[in-house]
Amino acid sequence: MAPASPVESAPGSPRLPPSRSPGPAARRPAATGRVQVDRAFPRSPRGALKIARTLVALAAFICFAASGAHGAYTALAGMETVITVLFLLLYLLRLDVQMRFIFWPLADIFNSVIAALFLLVVALFAIIIKTNKGTLAGGVLGLILLVLCIVDVVLLCKKISLDRGRGRSAPAK
């Protein structure tokens with residue numbers, strides 16, 4: 001009679017086929033640096049705003065690209081799409097918690113303010129020049145994106161609230 005395999009040797013233990021037995025990976029602890037998805041972020045006001053900014057910027061990019069508008073219009077809409085997607089992924093994957101060397105809400109505020117200034121100029125030029133209907137539609141979407149950037153700045157400023165106390169070193173009011 002052949003000796004029993006290690007899986008079958010213990011009396012009273014459940015018999016698992018060799019392909020279903022837990023391997024060495026099952027005994028290792030979970031990695032601490034794993035990326036977790038924040039499933040509540042897309043349903044939050046900030047998450048919905050980031051998604052809306054991404055979609056409107058993508059629509060403006062498509063309008064400018066399809067109409068053959070000036071390269072600056074297309075480049076600005078494309079860069080805004082990419083940067084907004086990166087911030088969306090940053091918050092969605094909770095990378096802002098893991099990368100603490102940058103104060104991400106402040107970086108997001110700077111991005112939104114600078115984007116709003118550029119969008120104001122480009123959208124107004126696109127609407128005033130209106131080479132064709134695609135450029136006009138891209139300009140209107142640029143103005144909508146400008147409003148979304150301003151709303152994003154307001155929400156972020158409410159989030160970080162610079163005037164609240166920060167512990168013992170905060171001055172008394």
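How far apart are the closest N and O atoms in the salt bridge that aspartate 108 forms with lysine 50? The answer is in the first view.

**View 1. Aspartate 108 and lysine 50 pair up.** The closest N and O atoms here are 2.8 Å apart; a salt bridge means a side-chain nitrogen of Lys or Arg within 4 Å of a carboxyl oxygen of Asp or Glu. Aspartate 108 sits in helix α6 and lysine 50 in helix α3, 58 residues apart. Helices are DSSP runs (H or I, at least four residues), numbered from the N terminus. Both aspartate 108 and lysine 50 are buried, where buried is under 20% relative accessible area, exposed is over 50% and partly exposed is in between (1.4 Å probe, protein chains only).

Before going on, a word on the model: it is predicted, with local features needing pLDDT of at least 70 and side-chain atom pairs counting only at pLDDT 80 or more, while totals for chains, interfaces and linings use all residues. Residues are numbered from 1 along each chain as its sequence is written, and side-chain values use heavy atoms, leaving out hydrogens and water.

**View 2. Arginine 53 meets glutamate 80.** In this salt bridge the closest N and O atoms are 2.4 Å apart. Arginine 53 and glutamate 80 are both buried.

**View 3. Arginine 94 and aspartate 38 join two loops.** The structure holds five salt bridges, and this one has an N to O distance of 3.9 Å. Arginine 94 is in the loop between α4 (71-92) and α5 (95-98), and aspartate 38 in the loop between α2 (24-27) and α3 (45-67), so the pair ties together parts 56 residues apart in sequence. Arginine 94 is partly exposed at 36%, whereas aspartate 38 counts as buried at 19%.

**View 4. Helices α6 and α7 cross.** The axes of α6 and α7 (residues 133-160) come within 8 Å and cross at roughly 155°, which makes the two helices roughly antiparallel (angles over 145 degrees count as such). Axes are lines fitted to C-alpha atoms over the stretch in contact, with angles from 0 to 180 degrees between N-to-C directions.

View 5. Leu120, Val121, Leu124, Phe125, Ile128 and Ile129 make a patch of about 560 Å². Patch residues have over 30% relative accessible area and no salt bridge, with nonpolar side chains joined within 5 Å and like charges within 9 Å. Leucine 124, in helix α6 (residues 104-129), is partly exposed at 38% relative accessibility.

Notes: Accessible areas come from the Shrake-Rupley method with a 1.4 Å probe; for residues, only the protein chains shown count as cover. Angles under 35 degrees count as roughly parallel, over 145 as roughly antiparallel, 65 to 115 as roughly perpendicular and the rest as oblique.
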